[in-house]
2 protein chains.
Amino acid sequence: MRIPKKERQRIIAQSFQEEPFLTDEEMAKRCNVSIQTIRLDRVELGIPELRERIKHMAENHFDPVKSLLQEEVIGEIVDLQLDQSGVSILEINKEHVFARNQIARGHILFAQANSLAVAIVDAEVALTGSAGIRFVRPVRLGEKCIAHAKVIRKQINNSLQVDVKTKVNGEIVFQGIFDVYRLEDGRVSM
Amino acid sequence: MRIPKKERQRIIAQSFQEEPFLTDEEMAKRCNVSIQTIRLDRVELGIPELRERIKHMAENHFDPVKSLLQEEVIGEIVDLQLDQSGVSILEINKEHVFARNQIARGHILFAQANSLAVAIVDAEVALTGSAGIRFVRPVRLGEKCIAHAKVIRKQINNSLQVDVKTKVNGEIVFQGIFDVYRLEDGRVSM
């Protein structure tokens, strides 16, 4: 069913506002129109393309990572509020997939989520204590994984519970709950 | 308390039989003697050193990995009984640790355990569905992680539950339960 253009543009404007990482492809599917139509809508609405939106977010203020060196994060962090939430992006390339079926290796998705969960922690040193994870559907070569992390509980013993959901085109592909410990004084005392 | 030599040698012979990956260092601790003493005991008992024991195990018959290419396994598989059990060894090197504190990154231990859990599966294609994991104590640069995997349940829907315990010098550093799916026909239908 076609949605009238005006209504479609309202949906598009709102969706990109709420989910800045939505691709044109996914938006096209949701509205049941061609990708070209979405592109034209974006131009009319003044919404920049995905790459520009990400760049803009990355340039905007977000907290610097404390618990890791920037290059130790798997994926690119594009939003971070220490002890609260974070977003990272990882595009699956040839090094990330099994040779036989071009499916991303489990530990790559785990690494993105885990390093984001650690990066969120407002401490010099943070370590993962435990995690429960689920690979919801296989991720393939070339797909762009967007991990959204949220602190869902702060515990007395200096640990945080972090919920991470990784999506490809708005669809959840991985989810995990990570218990992460902060080590205030730099010592490891787990 | 010193154990008499005869009793000590009995313990040593039995321990190396049951745990071929025990280091002389750990054995020395257990018997409360010097590493040199353990080395001499081994010579007297005709027990080869760790490296030789590992080489010997690796040369012995064990099932070839089916679900992964050999080079896709993280760590070196030294024992494998398809759909039953497996052992792999990973020595933590500079690429595996955080720069700041020389502690192994979580996803490295996860990757060793996960790829062993997948390697166990007697199928051309196997994927991890979910996992519950625990990092028991931090692992440091240079430590040798020995992962022991055991199939603890075979389910009707073609999935296996694999228990993995990773040890350093006999001490558990990581443990996880992995639900792994076999995909008989090579299709991915999770």
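Helix axes here are lines fitted to C-alpha atoms over the stretch in contact, and angles run from 0 to 180 degrees between N-to-C directions. The model is predicted.

**Figure 1. Helix α5 of chain A against helix α5 of chain B.** The two helices each cover residues 106–119. Their axes come within 9 Å and cross at roughly 155°. Angles over 145 degrees count as roughly antiparallel, and α5(A) and α5(B) are therefore roughly antiparallel to each other. The crossing of α5(A) past α5(B) is right-handed. On the chain A side, the contact is made by A:Gly106, A:His107, A:Phe110, A:Ala111 and A:Asn114. On the chain B side, B:Gly106, B:His107, B:Phe110, B:Ala111 and B:Asn114 make it.

**Figure 2. Helices α2 and α3 within chain A.** Helix α2 of chain A runs over residues 24–31, and helix α3 of chain A over residues 35–45. Their axes come within 8 Å. The crossing angle is roughly 105°. The range from 65 to 115 degrees counts as roughly perpendicular, so α2(A) and α3(A) are roughly perpendicular to each other. From α2(A), the residues in contact are A:Asp24, A:Glu25, A:Met27 and A:Ala28. They meet A:Ile35, A:Ile38, A:Arg39 and A:Arg42 of α3(A). By class, the contact of α2(A) with α3(A) has four nonpolar and four charged residues.

**Figure 3. The boundary between the two domains of chain A.** Domain 1 of chain A takes in 5–58, and domain 2 of chain A takes in 61–183. Their centres, taken over C-alpha atoms, are 25 Å apart. Nine residues of domain 1 and 10 residues of domain 2 form the contact. Between them, the two domains of chain A bury about 850 Å². Carbon and sulfur atoms account for 64% of that area.

**Figure 4. The trace of chain A.** Chain A has five helices and six strands. Along the sequence, their order is α-α-α-α-β-β-α-β-β-β-β. The C-alpha trace of chain A spans about 60 × 40 × 25 Å along its principal axes.

Key
Residues are numbered from 1 along each chain as its sequence is written. Chains are lettered from A and ligands numbered from 1 in the order in which they are written. This is a predicted model: local features need pLDDT of at least 70, side-chain atom pairs count only at pLDDT 80 or more; totals for chains, interfaces and linings use all residues. Side-chain values use heavy atoms; hydrogens and water are left out. Helices (H or I, at least four residues) and strands (E, at least two) are DSSP runs, numbered from the N terminus. Angles under 35 degrees count as roughly parallel, over 145 as roughly antiparallel, 65 to 115 as roughly perpendicular and the rest as oblique. A crossing is left-handed if the near helix is turned anticlockwise from the far one by less than a right angle, and right-handed if clockwise. Contact means heavy atoms within 4.5 Å. Domain bounds come from an automatic or database domain assignment. Buried area is the accessible area (1.4 Å probe) that two parts lose on being put together, summed over both. Ala, Val, Leu, Ile, Met, Phe, Trp, Tyr, Cys and Pro count as nonpolar, Asp, Glu, Lys and Arg as charged, and the others, Gly among them, as polar.
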